[in-house]
Amino acid sequence: MNSQLKKESLQTEITNISRRNLLKGFALTGFVLAVGMPFTGFAEDEEAPKYGRDAMPHGWVDNPLVFVAIAEDGSVTIVSHRSEMGQGVRTSLPMVVADELEADWDRVKVIQAPGDEERYGNQDTDGSRSVRHFFMPMRNVGAAARMMLEAAAAAHWGVSVDEVFAENHQIKHRASGKMLGYGELAKAAAALDVPERETLRLKTPDQFRYIGKQSTKLIDGEDIVTGKAIYGIDVQVDGMVHAVIARPPVYGGKVKSFDDSEALKVPGVIKVVTLKGSPPPAVFNPLGGVAVVAENTWAAMQGREKLKIEWDHGENASYNTEEYRQQMLKDASTSGGKVLRSSGDFAKALETADKTYKADYYIPHLSQAPMEPPVATARIQDGKCEVWAPTQAPQASKDTVAKWLEMSPEDVTIHVTLLGGGFGRKSKPDYLVEAALLSKAMEGRAVQVTWSREDDIHNGYLHTVSIEHLEAAVNADGKTTAWLHRTVAPSISSTFDASSVHQMPIELGMGVMNIPFAIDNVQIENPEAKAHTRIGWFRSVANIPRAFAIQSFIAEMAHDLDRDHKAFLLELIGPARKINPVELNDEWNYGESPEKYPLDTGRLRRVVEAVCEKANWGRDLPAGRGLGLATHYSFVSFTAAIVEVEVSKDGELTIPRMDIAVDCGPQVNPERIRSQMEGACIMGVSLATVGEISFKDGAVEQDNFDSYQVTRMNESPREIHVHLLPADDFNTPLGGVGEPGLPPIAPAICNAIFAATGKRIRNLPIRYQLES
């Protein structure tokens with residue numbers, strides 16, 4: 001990080017540094033940085049890549065000179081170009097490099113890259129893509145660096161490169177037993193050409209030292225728990241001042257007039273600045289409002305309290321979620337809406353059915369509410385802007401800040417700090433723009449903008465509110481013959497187009513278009529729904545309402561048909577087969593190739609069977625206890641969960657045990673996968689039991705964790721058992737891990753509650769519904 005930053009711990013191994021210091025630091029090493037070429041180049045007459053990492057903005061880079069430096073003392077420095085928000089990516093991807101490099105992990109340092117996709121490839125840390133997309137490029141990086149070291153040693157000894165090999169931070173000559181350390185070879189190796197990708201000699205899985213093993217600790221874990229790690233709120237820059245902002249309480253509102261005379265009397269307050277907002281659509285733009293700039297954050301907050309502002313609330317001032325919910329219910333049950341998928345004849349199957357079922361399931365708005373609210377520090381000097389922030393999207397941040405400052409993106413530098421949680425909120429760089437605009441208003445002085453918890457909950461990009469309407473028909477043989485899913489929800493697309501009323505393919509591909517059930521007559525519909533607040537990504541996104549609805553509905557049908565839930569679920573999934581998602585009208589498939597990533601019902605069956613075995617499905621339980629099962633496919637991974645609940649006579653819910661099975665293909669860092677599943681279980685309990693953002697007169701009603709609750713320790717599952725299903729080999733495509741654990745949790749809890757009490761929960765959160 002910039003030399004003017006005060007905190008000493010910025011000089012520790014895990015650090016954020018400016019481009020200037022990054023170059024300076026690497027110049028001391030054996031490898032000299034070179035500019036890597038992103039894998040985006042294709043001739044004009046070639047079709048642009050459609051899938052996976054090839055199709056991501058700025059593609060990918062696997063040049064070792066970009067990612068690896070080796071000092072003369074042999075220490076290896078690896079660049080982490082993804083954002084760390086608790087998922088362990090600053091360990092997992094460097095660990096892959098170190099493995100192929102044959103480096104000693106104890107001699108590896110990791111540094112955080114600034115936002116620079118031209119150099120590092122795509123840096124959007126979202127979509128459960130980091131390891132999935134960069135496992136192979138990082139293997140290439142490590143293998144190429146190792147081969148350069150081997151070539152340098154062979155040249156030094158005057159022997160064939162076939163006679164040498166790398167082992168634990170040394171190059172050895174097989175015949176003579178001579179050895180050279182990596183530090184001794186680094187300069188000579190750096191002078192060699194980088195091997196062509198096609199010539200790389202990758203390890204075989206049996207040669208892995210770290211990949212797939214359990215022993216590699218989180219590289220910055222100790223700094224995090226001891227307070228040495230630098231989050232966005234920890235950034236200190238010489239001469240920095242602090243700001244908080246009074247933003248419009250209603251989306252699309254603006255300042256009509258204000259009086260700042262009392263605010264300016266607060267000791268420490270320096271200036272009050274009007275910030276121009278942007279009318280809907282929100283995109284990544286700031287909301288505008290009135291900013292109070294002060295010597296410290298407390299003074300700024302006190303000054304904001306003294307502001308007298310008259311707002312023009314705009315057209316969303318009448319938004320009330322309960323009324324909106326009633327309208328969605330009406331649309332779901334009476335309006336067919338846009339037909340997205342239709343096979344067979346649903347109406348005829350319904351007419352000839354022996355039994356029919358119909359139900360609506362509701363999920364309210366949710367706030368990501370990361371433990372660290374949004375924060376950003378910006379400084380403008382000599383026509384350039386530097387921003388330090390916990391961001392999931394450094395390139396979008398760079399571009400958006402540049403647009404608002406009317407600068408070239410090349411004149412904007414984004415330093416990525418640790419994120420105190422993200423869950424999708426920090427993919428939107430509106431708070432970085434606020435800091436940059438205030439630095440400009442303060443004539444370039446560094447300004448740190450802090451969002452309070454209340455700011456975050458009031459003015460965030462929320463998870464959409466949703467009604468999922470389901471209907472099904474069963475014939476006299478008990479076979480399900482027809483399936484209707486009508487999904488009603490304001491779309492994320494409204495954030496980019498205010499007139500949007502239908503969900504996007506990426507939302508519809510999350511558990512509604514691509515249901516893989518063996519049913520002949522299927523109809524999928526999407527009625528219109530207009531957004532009245534900023535809609536954004538939330539961990540697992542639209543998979544949450546779809547899993548809740550579908551997995552609850554199946555359990556309801558199984559109970560009515562007097563069928564075992566597991567057996568009925570497997571019957572709906574049908575035999576093991578690989579379905580091309582395009583055949584289901586799902587053209588998104590999480591951005592992955594349908595040939596490489598078919599929807600494999602065999603793997604879906606496998607997680608169901610595995611979790612049932614591990615949790616001993618069907619076991620006897622005492623009165624007041626029940627087991628609930630749910631499964632879901634998301635982010636090209638498969639998960640299934642069984643939750644055991646206990647409901648007391650007065651309606652108190654406790655969760656003695658959770659089991660979750662995941663098939664995500666090869667497991668690069670099993671301990672990180674296990675941690676992400678455990679985190680998903682806890683977050684799933686939160687959103688199922690207490691999570692709700694509601695609106696009255698256009699404004700959010702909740703303020704902080706007292707009114708927008710998250711699961712406390714005493715409410716958490718007493719036991720969580722994670723079952724990682726092994727992949728056949730490392731040739732199997734990797735699946736996502738960060739998000740797939742969340743969707744099955746809420747329906748599994750509600751199914752367990754029904755088993756324990758006979759009470760069916762169709763509206764989340766559960767909260768007071770168990771009270772008699």
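Predicted model: local features only at pLDDT ≥ 70, side-chain atom pairs only at ≥ 80, totals over all residues.

Q: Let's start with Arg425. Where does it lie?
A: Arg425 is in the loop between β16 (412-416) and α13 (430-441).

Q: Is Arg425 buried or exposed?
A: Buried. Its relative accessibility is 0%, and the cut-off for buried is under 20%.

Q: What does the side chain of Arg425 join up with in a polar contact?
A: The side chain of Asp430, at 3.1 Å.

Q: Which other residues is Arg425 in contact with, leaving aside neighbours within four places in sequence?
A: The list includes Gln368, Pro374, Gln392 and Tyr431. Trp451, Asp456, Gly460 and Tyr461 are also among them, as are Arg534 and Trp537.

Q: Now Arg325. Which helix is that in?
A: Helix α10, residues 321-334.

Q: Why does Arg325 count as buried?
A: Because its relative accessible area is 18%, and buried means under 20%.

Q: What does Arg325 touch beyond its neighbours within four places in sequence?
A: Tyr362 and Asn763. The C-alpha atom of Ile467 is 7.7 Å from that of Arg325, though the two residues are 142 apart along the chain.

Q: And Thr91, buried or exposed?
A: Thr91 is buried, at 0% relative accessibility. It is found in helix α4, residues 89-101.

Q: What does Thr91 touch, not counting residues up to four places away?
A: Glu84, Trp105, Asp220 and Asn669 are among its contacts. So is a run that includes Thr216, Lys217, Leu218 and Ile219.

Q: Switching to sheets. What is the strand order in the open sheet of five strands?
A: β12-β20-β19-β18-β13, with mixed pairing. The edge strands are β12 (338-343) and β13 (355-363), each pairing on one side only. From one strand to the next, the twist averages 10 degrees.

Q: How many bridges join β13 to β18?
A: Nine, and the two strands run antiparallel. β18 covers residues 466-474. Within it, Val474 stands opposite Lys355.

Q: Which strands of the sheet does α16 touch?
A: β13, β18 and β19 (480-488). The direction of α16 makes about 145 degrees with that of β13.

Q: How do the axes of α16 and α17 cross?
A: At roughly 115 degrees, coming within 9 Å. α16 is residues 543-560 and α17 is residues 565-573. The crossing is right-handed.

Q: Which residues make that contact?
A: From α16, Gln551, Ile554, Ala555, Met557 and Ala558. From α17, His565, Phe568, Leu569 and Leu572. By class, seven are nonpolar, two polar and none charged.

Q: Last topic, β24. How many of its eleven residues are buried?
A: Ten, so the strand (residues 637-647) is mostly covered under the 20% cut-off for buried.

Q: Which residues take a positive phi in the two hairpins?
A: Phe635 does in the hairpin of β23 and β24, near 50 degrees, with two residues between the strands. In the hairpin of β24 and β25, with five residues between the strands, Gly651 takes a positive phi near 90 degrees.

Definitions and conventions
Residues numbered from 1 in each chain as written. Heavy atoms only, no water. Helix = DSSP H or I, 4+ residues; strand = E, 2+ residues; numbered from the N terminus. Buried < 20%, exposed > 50% of the residue type's maximum accessible area, 1.4 Å probe, protein only. Polar contact = N/O pair within 3.5 Å; in protein donor to acceptor, adjacent residues only side chain to side chain. Contact = heavy atoms within 4.5 Å. Axes fitted to C-alpha atoms, helices over the stretch in contact; angles between N-to-C directions. Left-handed = near helix turned anticlockwise from the far one by under 90°. Nonpolar A, V, L, I, M, F, W, Y, C, P; charged D, E, K, R; others polar. Pairing = 2+ DSSP bridges.
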